[in-house]
Amino acid sequence: MTFPFDALTACRAELEEEATVNDAQAAFPTGGLDRLRQLGVLAAPLPQTLGGRGFGTEPHGAAGLLHMLRLVGQGSLALGRVVEGHVNAIRLIALYGTPEQLAHVGAEVHEGALYGLWVTDDVTPLRMEQTPRGITLHGGKAFASGARQVTRALVTARAGQDGTGRDTTRMLLVALGKDRAIHNASGGLTGMRGAGTGQCDFTGMTVLPAGLVGQAGDYLRQPEFSAGAWRGMAVALGGIERLTALLRSQLAARDRAGSPAQQARIGLALIAGETALLWTRRAALVASSQDRFDSGDISGTVNLARLAVERAGLEVIELVERGLGLSAFVRDNVVERIIRDLSTYLRQPAPDETLCEAAAWFTRRNLPQPDVHA
């Protein structure tokens, strides 16, 4: 039985409507998440042996995961961010965790669990302390997507210093109940308001040693640390494609699509979207072939792709704003919200450093060539 891509495509309008209705109050799209759960989106990242599709956990699943995240992003970038975090957490557990941990994840996901990956420290960084009762946590995480909905979060915590005096980092699985200490995102985000982003204080929580995932430093281990960014690109790609479709339809509805200037904008938006797709697909194929390519080639390719998708997204935003004029800034036009969401989603850390590192790597090396038929 294949994944129901057609059904996921068909519910785009449903996801988009809920995202628009919820935007003003920054309400989480619970209806949309339930719909995705019913379609098998949350179970799809699990290995096939655990009843999933291997989307993100098995090399053959890269193309399917790209298409799934892209379709979710077309309907709701906020939901796409939550699903991306869910996939990322399962991916890391599959890569660094034990078979028993992964099997437990599989059982929980089939029961409806939503996983999250929270790695950005709050004002007080999250750290762990070994105590007779287990591992006690101090501090918190900021910009935690699905802060009130995630049932189990994979978090990074400082675990003391190694033999060289440097801080070490461990990954921990933390079960989250209704008593979780959540605060709204500092200042309130202008975009991605439906992602349920918040600050979570873990101070005083205790985790059993079985909650430790992998070894010290695994989260930052290359090429996985950089390679995982392609999944966020896939969600952003969906937003880029949706904005382009809205530009075309709204210009046609106003009988303005025949203008040469508007036709040029439509053409440039289509080119930008296809550029984003090609780079995202290359990044996905290279990242899923870690047995074939050098770690630096994988990291460099994904980093270049990240910048290419960002540039494509910013270009489409400008084309839509110029093409639709002030109507693109009116709140009852879905375009206005999607532009805010996409602008926020594209803000990834250290873009200049990322570009320079990738350029330096490929100055004397060619880009790796993935199997385009994969």
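Let's start at Phe-143, which lies in strand E4 (residues 140–144). Helices (H or I, at least four residues) and strands (E, at least two) are DSSP runs, numbered from the N terminus. This is a predicted model, in which local features need pLDDT of at least 70 and side-chain atom pairs count only at pLDDT 80 or more, while totals for chains, interfaces and linings use all residues. Residues are numbered from 1 along each chain as its sequence is written, and side-chain values use heavy atoms, with hydrogens and water left out.

Back to the backbone of that residue. Most residues other than glycine have a negative phi, and most peptide bonds are trans. Phe-143, however, has a positive phi near 50 degrees. Phe-143 is partly exposed, with a relative accessible area of 48%; buried means under 20% relative accessible area, exposed over 50%, and partly exposed in between (1.4 Å probe, protein chains only). Met-192 is another non-glycine residue with a positive phi, here about 55 degrees. Met-192 sits in the loop between strand E7 (181–184) and strand E8 (198–201), and is buried at a relative accessible area of 6%. For the peptide bonds, look at Gln-222 and Pro-223, which are joined in cis with an omega of about 5 degrees. Pro-223 belongs to the loop between strand E10 (212–213) and helix H7 (224–227).

Now to the strands, where two count as paired if DSSP finds at least two bridges between them. Strand E5 (residues 152–161) pairs with strand E1 (residues 115–118) in the parallel sense, over 4 bridges. There, Arg-152 in E5 stands opposite Tyr-115. E5 also pairs with strand E6 (residues 167–175), in the antiparallel sense and over 8 bridges. In E6, Asp-167 is the bridge partner of Gln-161.

How do the helices pack? Two packed helices are described by the angle between their axes and the distance between the axes. Axes are lines fitted to C-alpha atoms, for helices over the stretch in contact, and angles run from 0 to 180 degrees between N-to-C directions. Helix H4 (residues 62–75) meets helix H9 (residues 260–287) at about 140 degrees, with 9 Å between their axes. That makes H4 oblique to H9, since angles under 35 degrees count as roughly parallel, over 145 as roughly antiparallel, 65 to 115 as roughly perpendicular and the rest as oblique. Ala-62, Leu-66 and Arg-70 of H4 make the contact with Leu-277, Thr-280, Arg-281 and Ala-284 of H9, where contact means heavy atoms within 4.5 Å.

H4 packs against H8 too, at an angle of about 45 degrees and with the axes 7 Å apart. H4 is therefore oblique to H8. Among the H4 residues that meet H8 are Ala-62, Leu-66 and Arg-70, and their partners in H8 include Trp-230, Ala-234 and Gly-238.

Finally, visit two well-covered places. Thr-301 has its place in helix H10 and counts as buried at 0% relative accessibility. Leaving aside residues up to four places away in sequence, Thr-301 touches Trp-279, Arg-282, Ala-283, Val-286, Phe-362, Leu-367 and Pro-368. Helix H11 (residues 334–345) is mostly covered, with 10 of its 12 residues buried, including Val-334, Arg-337 and Tyr-345. The cover over those buried residues includes helix H2 (12–23), helix H5 (77–96), helix H8 (229–253) and helix H10 (295–324).
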